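Here is a brief report on one chain and one of its residues. Look over the sequence and the structure first, then read on.

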Amino acid sequence: MLATVIFYAIAALTVGSALIVAFSRNILYSTFSLLGALMGVVGLYVLLAADFVAMVQLLVYVGGILVLTIFAVMLTAGIADVTVSNRAVGTVPGLVTVAIAGGVMLYAITRTHWHQAALSAPAPTTYAIGNAFLGAYVLPFEVASLVLLAALIGAIVISRHEAVE
Amino acid sequence: MGGGLTLDHFLILSLIVFALGMFCVLTRRNAIGILMGVELILNSANINYLAFAFFGGGKYDGQVFAIFVIMLAAAEAVIGLAVVLAIYQNFRTIDVGATETLSG
């Protein structure tokens, strides 16, 4: 019962923040509402007994990506101009497309009989995930480090100022 | 978690977040707004991964995948925002409707 109440509270936070992200006319409101959405997702992860993933989400998303996004918003002009800073066009076609796609997925979700295993008591997951990363998933883990290195170099190359000759 | 929460609760919540992210990507003209929509979509996918992992018997594969998704989202955000800043330096705007040099 308590879990249900907590779920709906977190769901309200997540969906409410996501609504502001999607519909706000001000890019700053959108950015700061993204904080609420990401924090709500952290709560969902905890509810789903994924403590390590929740902490990773908190560190990487809230601590990294969100701060980076705020930096990018601040570094691009037109912030103060509320009407043009987060313009949205094609709202009606967008809504129709989203409604169709969402309707199809909702139909699929509600019509499918999902197999549900017996729930085990939540246990710390860090040890098992660490073993998985250095065991069954060691190759993707190493490739991931290459991807991060490429992203790092790529970001520097893209965003630096070219030397004028 | 015996409180009557089922997989459907999480799937439908993730569907709502996905729909909002998709709407954001489709309608925004601000490049950063589009990137925020992509973040919402990736988060909804992660909710699905963890929900299936939890209700599927407590295996860790779903959580490992979620961590990979978070990692790729971080790389995507870094590259995306670098591109946005480069566009801003060249065009003095990040309206994706105004940057149409390559359109035929």
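## Elements of chain B

Helices here are DSSP runs of H or I with at least four residues, and strands are runs of E with at least two. The model is predicted. On these terms, chain B has three helices and zero strands. Read from the N terminus, the order is α-α-α.

## Overall form

How does chain B compare with a compact globule? Its radius of gyration is 17 Å. The globule rule gives 13 Å for 104 residues, so chain B, being well over that value, is more spread out than a compact globule. The box filled by its C-alpha atoms, taken along the principal axes, is roughly 55 × 25 × 25 Å.

## Burial and contacts in chain B

Chain B has 104 residues, and 54% of them count as buried. Now take the contacts in chain B between residues at least 6 apart in sequence. Of these, 48% join residues at least 24 apart.

## A look at B:Leu20

B:Leu20 sits in helix α1 of chain B, which covers residues 7-27. Is B:Leu20 buried or exposed? A residue is buried if 20 or more other C-beta atoms lie within 10 Å of its own. B:Leu20 has 26 within 10 Å, so it is buried.

Which residues does B:Leu20 touch, leaving aside neighbours within four places in sequence? In chain A, its contacts are A:Ala18, A:Leu19, A:Val21 and A:Ala22. In chain B, B:Leu20 is in contact with B:Leu40. Those two residues are 20 apart along the chain, and their C-alpha atoms are separated by 7.6 Å.

How values were computed:
Residues numbered from 1 in each chain as written. Chains lettered and ligands numbered in written order. Predicted model: local features only at pLDDT ≥ 70, side-chain atom pairs only at ≥ 80, totals over all residues. Rg over C-alpha atoms; globule rule 2.2 N^0.38 Å. Buried ≥ 20, exposed ≤ 12 C-beta atoms within 10 Å, placed from the backbone. Contact = placed C-beta atoms within 7 Å.
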